[in-house]
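Please take the sequence and the three-dimensional view together. The paragraphs after them are meant to be read with both at hand.

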Amino acid sequence: MKDPFNSPKVNIPRTIKHLPAEAFLTAIAHRRREVRRRKVKPFKPVYTCSMKVTEHFKKAKGKTLVSFEVLPPLKGGGMQAIFGTLDALMEFKPPFIDVTYHREEFIYKKRPSGYYEKTAIRKRPGTVGICAAIMHRYGVDAVPHLICGGFTVEETENALIDLNFLGINNVLALRGDARQFEDKFIAEDNGHKYALDLVHQIVGMNDGRYLDVNIQNGERTDFCIGIAGYPEKHFEAANDNVDLQYTKLKVDAGAGYIVTQMFFDNSKYFEYAEKCKANGIDVPIVAGLKPLTRRYQLSSIPRKFFINLPQDLVREVQKAKDDVAVQQIGIEWCIQQSKELKAAGVPCLHYYTMGDTETSKMIASALAF
Ligand SMILES: Cc1cc2nc3c(=O)[nH]c(=O)nc-3n(C[C@H](O)[C@H](O)[C@H](O)COP(=O)(O)OP(=O)(O)OC[C@H]3O[C@@H](n4cnc5c(N)ncnc54)[C@H](O)[C@@H]3O)c2cc1C
């Protein structure tokens with residue numbers, strides 16, 4: 001590194017300690033001023049991208065955007081799995097890509113003694129690294145999902161500092177679900193219970209507030225915050241009004257846009273958007289979509305995501321002779337959904353790829369993005 005003191009422009013003797021006391025202090029003060037004067041250039045990440053998701057919407061001026069969500073590979077897998085998926089999808093010019101976050105899960109390992117031991121493992125680590133790799137390789141903004149589950153507030157702060165240092169300015173703030181074998185969501189001791197608390201913490205850092213109150217004039221982060229929304233209500237909420245009130249609190253706290261849970265009936269999205277508006281929630285609502293591709297999903301999707309499948313779709317899938325036919329039906333259904341949503345001018349169609357590149361590709365191709 002270049003020595004800032006060793007420059008001909010700074011006219012200070014190198015061995016200032018041999019100066020008389022007064023001259024010594026003057027020289028030190030001069031040195032400090034000089035270093036301050038030569039301010040470090042403002043930080044610019046190495047990526048060619050770095051826009052907020054909300055800025056992408058503004059820039060699109062009402063045109064519907066397309067984006068994708070990917071999962072980190074199972075531990076032991078490599079980046080090729082992600083690049084394999086995304087290489088094929090870049091032709092659709094997604095302005096941003098979401099990367100999910102997966103907290104640790106409990107598994108039971110059999111010990112030589114014959115007893116089972118409960119162990120916590122994270123099966124899909126790597127969210128932050130994948131986001132940086134995506135931005136670096138494609139010059140496309142990445143949106144890491146950040147959850148409350150498994151994080152103390154200090155760990156959350158440190159994770160946000162990592163993102164900030166990497167030049168990742170977007171984050172989808174979520175609570176996360178209950179762990180396997182737990183019947184309800186349990187926050188860490190000194191962790192957030194609700195996504196709302198996480199939004200507050202991120203907004204605080206955007207204002208330069210850190211947990212340590214002794215940090216004065218802390219660096220202000222500049223995160224654009226997205227949150228989850230549920231056209232068919234979050235399964236724990238007493239009713240959709242209650243759910244919407246909490247969504248409104250998150251938006252009022254500083255969330256800039258909503259990404260919906262997947263839905264297969266567009267009327268659910270349109271009704272939800274109306275209700276949001278009526279409740280003063282006035283932010284872009286990204287439509288989360290996933291094609292149904294296997295017959296067993298007729299029961300697994302409603303069970304896992306607490307959503308309904310329209311009767312027409314169920315009937316078609318039940319009639320299909322095999323999973324190839326089911327996939328055709330699912331893709332066609334998703335294309336029709338996407339066309340209608342696009343015609344209605346939704347800000348963004350967001351596809352949950354779940355590692356299935358081909359299906360997402362066929363749908364996006366049909367829409368001519
Ligand atoms: C687009 C999208 C992406 C997702 N990505 C991930 C992911 O990457 N990783 C992951 O683990 N999970 C992910 N999830 C799942 C998500 O974490 C779960 O749906 C979770 O159960 C709720 O998350 P939330 O952020 O909506 O929670 P919250 O907003 O905290 O809401 C949870 C429940 O509590 C209620 N509530 C909210 N605030 C309060 C409050 N202040 N007081 C009382 N009740 C309140 C709500 O009505 C709701 O019923 C995603 C979901 C969506 C829709």
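The model is a predicted one. Its protein chain comprises twelve helices and ten strands. Taken along the principal axes, the C-alpha atoms of the chain fill a box of roughly 95 × 60 × 40 Å. Of the 369 residues in the protein chain, 32% are buried. When contacts between residues at least 6 apart in sequence are considered, 77% of them join residues at least 24 apart.

The interior may be taken next. In soluble globular proteins, nonpolar side chains tend to be buried together. In this chain, the largest nonpolar core has 70 residues. Those with the most contacts inside this core are Ile97, Ala142, Val171, Ala173, Val199, Ile202 and Ile225. Helix α6 gives the most to the core, contributing six residues. Ile97 shows how such a position is surrounded: once its neighbours within four places in sequence are set aside, its contacts are Ser67, Phe68, Val70, Leu86, Ile134, Val140, Ala142 and Val143.

Strand β9 can be followed in more detail. This strand spans residues 285-289, and five of its five residues are buried. In a regular strand the side chains alternate between the two faces of the sheet. Strand β8 (residues 257-260) runs parallel to β9 and is joined to it by two bridges; here Val259 stands opposite Val286. Together with helix α8 (residues 266-278), β8 and β9 make a right-handed β-α-β unit. Strand β10 (residues 348-352) also runs parallel to β9, with three bridges joining the two. Within β10, His350 is the bridge partner of Gly288.

Which residues are closest to the ligand? They are Thr100, His145, Arg175, Ala195 and Ala228, within a shell of 21 residues that surround the ligand. By class, this shell has eleven nonpolar, six polar and four charged residues. Strand β5 (141-147) and the helices α6 (195-206) and α7 (240-253) each supply at least two residues of the shell. The largest share, three residues, comes from α7.

Lys93 has a positive phi of about 50° although it is not a glycine. This residue is placed in the loop between α3 (80-89) and β2 (96-99). Is Lys93 buried or exposed? Lys93 is exposed, because 11 other C-beta atoms lie within 10 Å and a residue with 12 or fewer is counted as exposed. Phe181, likewise a residue other than glycine, has a positive phi, with a value near 70°. Its place is the loop between β6 (170-174) and α6. Phe181 has 10 C-beta neighbours inside 10 Å and therefore counts as exposed.

Technical notes. Residues are numbered from 1 along each chain as its sequence is written. This is a predicted model: local features need pLDDT of at least 70, side-chain atom pairs count only at pLDDT 80 or more; totals for chains, interfaces and linings use all residues. A residue is near a molecule or strand if its C-beta atom, placed from the backbone, lies within 6 Å of it. Helices (H or I, at least four residues) and strands (E, at least two) are DSSP runs, numbered from the N terminus. Ala, Val, Leu, Ile, Met, Phe, Trp, Tyr, Cys and Pro count as nonpolar, Asp, Glu, Lys and Arg as charged, and the others, Gly among them, as polar. A residue is buried if 20 or more other C-beta atoms lie within 10 Å of its own, exposed if 12 or fewer, and partly exposed in between; C-beta atoms are placed from the backbone. Two strands pair if DSSP finds at least two bridges between them. A crossover is right-handed if, with the strands pointing away from the viewer, the path from the first strand over the helix to the second runs clockwise. A nonpolar core is a set of buried Ala, Val, Leu, Ile, Met, Phe, Trp, Tyr and Cys residues joined through C-beta atoms within 7 Å. Two residues are in contact if their C-beta atoms, placed from the backbone, lie within 7 Å.
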